[in-house]
Amino acid sequence: MTTSEETAMIRDTVARFVDRELIPLEPHYLKSKLPGGGHDGLTDAHWQRLRTVSKDLGLWGLDAPEDLGGHDLPARTMAAVHEELGRSCVPFVLPPDSPNLRMLQAVGTEAQKKSYMQPYIEGRMVSAIAISEPGAGGDPAAMKTRAVKDGDQWVLNGRKIWISNARAADFVIVMARVGNDARQGGITSFIVEKGTPGFIVEREIPMIGGHTTFEVVFEDCRIPEGAVLGEIGKGYAPMQLRLRTRRLEMGSTCIGIARRARDMLCEHAKQRETFGVKLAERQAVQWWVSDISTRIHACRLMVQDAADKTDRGEDVKQEASMIKVFATEMAYEACDHAMQTLGALGMTLEIPLQALWQKARVMRMYEGPSEVHRQAIARRVLGLRG
């Protein structure tokens with residue numbers, strides 16, 4: 001089977017899973033996010049069914065190594081997977097979460113892979129990563145959390161914020177500084193297990209789009225010597241590998257969001273009549289449809305190009321930054337035009353459009369805001385250091 005045939009087959013399987021399992025759950029999910037609470041939303045039974053069905057379809061461990069039970073699918077195929085998943089506002093992730101998997105795969109020891117990566121691929125563990133700090137979000141090289149060696153242990157002290165999955169995670173990859181080097185120097189990654197003394201989930205932070213992040217504190221948090229992930233002082237590059245993986249994934253997700261928004265726009269425009277004329281006949285609406293469709297096509301080509309380069313082992317940091325900016329702003333604008341076309345209906349909390357719009361808005365910020373990526377793109381083109 002060629003890669004293109006394999007990609008088409010996997011895309012079709014994921015698309016059917018989204019259409020049959022995720023989209024029918026959207027009303028339940030949206031009710032759980034209405035002001036005032038009191039709604040059950042998605043139950044444990046709902047989540048368990050999604051996990052069971054997706055596993056039965058062979059959709060777990062898609063890009064995980066074959067020797068650990070995965071399918072080792074290429075980045076181009078994974079782009080198709082995330083595009084289809086992006087069409088629904090239900091926040092279901094196929095195990096395992098690829099960016100953290102990539103980091104473990106790149107620098108984890110055999111013991112770490114056995115203890116953390118294997119159960120992660122099998123869906124028996126949940127992970128989180130702690131990078132951002134108060135005052136060091138878009139600039140992770142400015143982090144101040146420190147790790148000091150004390151005998152055969154490391155002692156972590158510091159504060160991290162905007163951490164997804166912090167409360168549910170079985171282990172957290174924590175970025176901290178070792179020694180006195182500035183900026184990227186000294187940054188090291190550590191694995192901290194749930195329940196470790198001194199690892200405190202201090203508060204839950206509700207975000208737009210139904211997201212929840214956490215602020216966590218490390219107070220004399222002692223972890224074993226073997227908890228170092230990768231080399232001491234060389235954690236910045238693996239962290240960037242993880243971030244680039246997420247940015248490509250986000251590009252594909254944004255294509256799915258924009259497709260769903262365009263579909264909702266078109267469906268309404270062909271039915272709704274104003275002053276005796278269908279909205280689909282209005283030039284403004286036609287231009288919105290044209291622009292969204294053109295940008296979806298351009299974004300997909302950008303993602304496919306970056307995916308192919310990734311599969312060849314090439315560095316795609318420039319492409320990843322471009323995709324991060326273009327894709328998130330495209331999805332946000334597509335949702336905005338769809339909401340405008342639907343009028344008052346587009347402003348309601350009862351349809352998935354607003355949830356997709358909020359999701360796109362959040363993505364313009366995390367994994368590096370658009371402004372930081374624009375600066376990075378320009379500095380690389382100009383040949384400026386830093």
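Modeller: Some ground rules come before the questions. This is a predicted model, so local features need pLDDT of at least 70 and side-chain atom pairs count only at pLDDT 80 or more, while totals for chains, interfaces and linings use all residues. Residues are numbered from 1 along each chain as its sequence is written, and side-chain values use heavy atoms, with hydrogens and water left out.

Biologist: How many helices and strands does the protein chain have?

Modeller: Helices (H or I, at least four residues) and strands (E, at least two) are DSSP runs, numbered from the N terminus. On that basis the protein chain has 11 helices and 10 strands.

Biologist: What percentage of the residues in the protein chain is buried?

Modeller: Buried means under 20% relative accessible area, exposed over 50%, and partly exposed in between (1.4 Å probe, protein chains only). Of the 386 residues, the buried share is 49%.

Biologist: Which residues touch the most other members of the largest nonpolar core?

Modeller: A nonpolar core is a set of buried Ala, Val, Leu, Ile, Met, Phe, Trp, Tyr and Cys residues joined through side-chain atoms within 4.5 Å. The largest one holds 56 residues. Elements that give two or more residues to this core include helix 1 (3-22), helix 7 (236-271) and helix 10. The residues that touch the most other members are Leu22 and Leu353.

Biologist: Which residues is Leu22 in contact with, leaving aside neighbours within four places in sequence?

Modeller: Contact means heavy atoms within 4.5 Å. With those neighbours left out, the partners of Leu22 are Phe17, Leu50, Leu85, Ser88, Val90 and Phe92.

Biologist: Is Ala360 buried or exposed?

Modeller: Ala360 sits in helix 10. Beyond four places in sequence, Ala360 touches Thr328, Ala331 and Tyr332. Its C-alpha atom is 9.5 Å from that of Met250, 110 residues apart along the chain. With a relative accessible area of 0%, Ala360 is buried.

Biologist: Which residues does Gln358 contact, leaving aside neighbours within four places in sequence?

Modeller: Gln358 is also placed in helix 10 (residues 352-363). Its relative accessibility is 18%, so Gln358 counts as buried. Its contacts are Ile208 and Gly209.

Biologist: How many bridges pair strand 2 with strand 3?

Modeller: Two strands pair if DSSP finds at least two bridges between them. Strand 2 (residues 146-150) and strand 3 (residues 153-163) form a hairpin with 2 residues between them. Gly151 in the turn has a positive phi of about 65°, and Asp150 has Gln153 as its bridge partner. The antiparallel pairing runs over 5 bridges.

Biologist: Which residue in strand 7 stands opposite Val155?

Modeller: Strand 3 pairs with strand 7 (residues 212-224) in the antiparallel sense, over 8 bridges. Opposite Val155 stands Arg222.

Biologist: How many disulfides does a search of the whole structure find?

Modeller: A disulfide is a pair of cysteine sulfur atoms within 2.5 Å. For Cys89, the nearest cysteine sulfur is that of Cys335, 11 Å away. For Cys335, the nearest is that of Cys254, at 8.9 Å. The number of disulfides found is 0.

Biologist: Which peptide bond is cis, with omega near -5°?

Modeller: Look in the loop between helix 4 and helix 5 (98-107), where Pro96 lies. The cis bond runs from Pro95 to Pro96.

Biologist: What is the phi of Asp72?

Modeller: Asp72 is in the loop between helix 3 and helix 4. Asp72 is partly exposed, at 44% relative accessible area. Although Asp72 is not a glycine, its phi is positive, at about 50°.

Biologist: Is Asp220 buried or exposed?

Modeller: Asp220 lies in strand 7. Its phi is positive, near 50°, in a residue other than glycine. At a relative accessible area of 52%, Asp220 is exposed.
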